[in-house]
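Here is a short tour in questions and answers. Look over the sequence and the model, then read on.

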Amino acid sequence: MLHFRKNTNKTPMEEQEDSLKDAFEKELESIQSETVLSPQYRRRKTIIWAIRTLIAIALFIIFWKHTWVRWALIAYIPLNVFSLFSIYGSKALLDKKINKTRRAIEEAEQIIKEDDEEE
């Protein structure tokens, strides 16, 4: 199968760089809309977390007379808080990493452009 390039003044290397950048941007957009970064995902996970917490509270109240339930509560509270943090904290951490990666790509592009201009 033959592939014909569009009639541009870009070299094949420049076209590949542009396509890589475009592919990366498309990938980031899909990640932000379909995964942990999506508001719908966080809303669904928050609802599931709330239901699970309400069930756990009901069970703790029902079985409070047993000593092991009190010890289980000590373990449950930090795990539950960590779960809530993972729902909302992961977005902030991933946003930071995505922005760092974008900056690194922009810096690499600048270096490539400067090298091309020198030649």
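**A first look at the model**

Lys91 is partly exposed, as its relative accessible area is 25%; buried means under 20%, exposed over 50% and partly exposed in between, with a 1.4 Å probe and protein chains only. This is a predicted model, where local features need pLDDT of at least 70, side-chain atom pairs count only at pLDDT 80 or more, and totals for chains, interfaces and linings use all residues. Residues are numbered from 1 along each chain as its sequence is written, and side-chain values use heavy atoms, with hydrogens and water left out.

Q: Which residue does the side chain of Lys91 meet in a salt bridge?
A: A salt bridge needs a side-chain nitrogen of Lys or Arg within 4 Å of a carboxyl oxygen of Asp or Glu. Here the N to O distance is 2.6 Å. Both partners lie in helix α3 (residues 67-118), 4 residues apart, about one turn of the helix. The partner of Lys91 is Asp95.

Q: How many helices and strands are in the protein chain?
A: Helices (H or I, at least four residues) and strands (E, at least two) are DSSP runs, numbered from the N terminus. From that end the elements run α-α-α. The totals are 3 helices and 0 strands.

Q: What percentage of the residues of the protein chain count as buried?
A: The protein chain has 119 residues. Ser38 is a buried one, at 4% relative accessibility. For the protein chain, the buried share is 13%.

Q: Which side chain makes a polar contact with the side chain of Ser38?
A: Ser38 sits in the loop between α1 (12-34) and α2 (39-62). A polar contact is a pair of N or O atoms within 3.5 Å; within protein, one must be able to donate a hydrogen and the other to accept it, and residues adjacent in sequence count only if both atoms are side-chain atoms. The distance here is 2.6 Å. The partner is Gln40.

Q: Which residues does Ser83 touch, not counting residues up to four places away in sequence?
A: Ser83 lies in helix α3. Its relative accessible area is 17%, so Ser83 is buried. Contact means heavy atoms within 4.5 Å. Ser83 touches Trp49 and Arg52.

Q: How far apart in space are Ala56 and Tyr76, C-alpha to C-alpha?
A: Ala56 lies in helix α2 and counts as buried at 12% relative accessibility. Among the residues where α2 meets α3 are Ala56 and Tyr76. They are 20 residues apart in sequence. In space the separation is 8.9 Å.

Q: Which residues is Phe24 in contact with, leaving aside its neighbours within four places in sequence?
A: Phe24 is in helix α1 and partly exposed at 24% relative accessibility. The contacts of Phe24 are Thr101, Arg102 and Ile105.
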